[in-house]
Amino acid sequence: MERIIRVNVTYTFKGYYIVRADTSKAAAQIVDDNCSMTLSNGLTVNADESVIPDWNFPVHPETEITGVSYEQDKPLVIQLAK
């Protein structure tokens, strides 16, 4: 019998930004304020190229299955170790 099964997934994109700033705290704040990534729009950098001249993010994330459970009657719940 087919069931509806929920699969919890975490996608992780790892990369870096090259930032011109006076301190590491300021650099982190610039990235936090100006950079983001969404599934619909991809990578977005709002700062000028003079502030963030380069970046490197792969387009394929790491995939981690974090749990599986049946949605109907919920007889099975599996939490996978990280």
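**Entry 1: Asn8**

I looked up Asn8 and found it in strand S1, residues 5-12. Strands here are DSSP runs of E with at least two residues, helices are runs of H or I with at least four residues, and both are numbered from the N terminus. I note that this is a predicted model, in which local features need pLDDT of at least 70 and side-chain atom pairs count only at pLDDT 80 or more, while totals for chains, interfaces and linings use all residues. Residues are numbered from 1 along each chain as its sequence is written, and side-chain values use heavy atoms, with hydrogens and water left out.

The classes are buried under 20% relative accessible area, exposed over 50%, and partly exposed in between, with a 1.4 Å probe and protein chains only.

Next I looked up what Asn8 touches. Setting aside neighbours within four places in sequence, Asn8 is in contact with Glu64, Ile65, Thr66 and Gly67; contact means heavy atoms within 4.5 Å. The C-alpha atoms of Asn8 and Gly67 are separated by 5.1 Å, although the two residues are 59 apart along the chain.

**Entry 2: Val68**

I found Val68 in strand S6, residues 62-70. Val68 has 24% relative accessibility, so Val68 counts as partly exposed. From Val68 to Val9 the C-alpha separation is 9.2 Å, and these residues are 59 apart along the chain.

**Entry 3: Val7**

Val7 also has its place in strand S1. Its relative accessible area is 45%, so I wrote down Val7 as partly exposed.

**Entry 4: the core**

Which residues make up the largest nonpolar core? I listed six: Tyr17, Ile30, Cys35, Ala47, Ile52 and Phe57. A nonpolar core is a set of buried Ala, Val, Leu, Ile, Met, Phe, Trp, Tyr and Cys residues joined through side-chain atoms within 4.5 Å. In soluble globular proteins, nonpolar side chains tend to be buried together.

I then took Cys35 from this core. Not counting residues up to four places away in sequence, Cys35 touches Tyr17, Ile30, Thr44, Val45 and Ile52.

**Entry 5: the whole chain**

Along the sequence they follow the pattern β-β-α-β-β-β-β-β. Of the 82 residues, 12% count as buried. Among contacts with a separation of 6 or more, 62% are between residues 24 or more positions apart.
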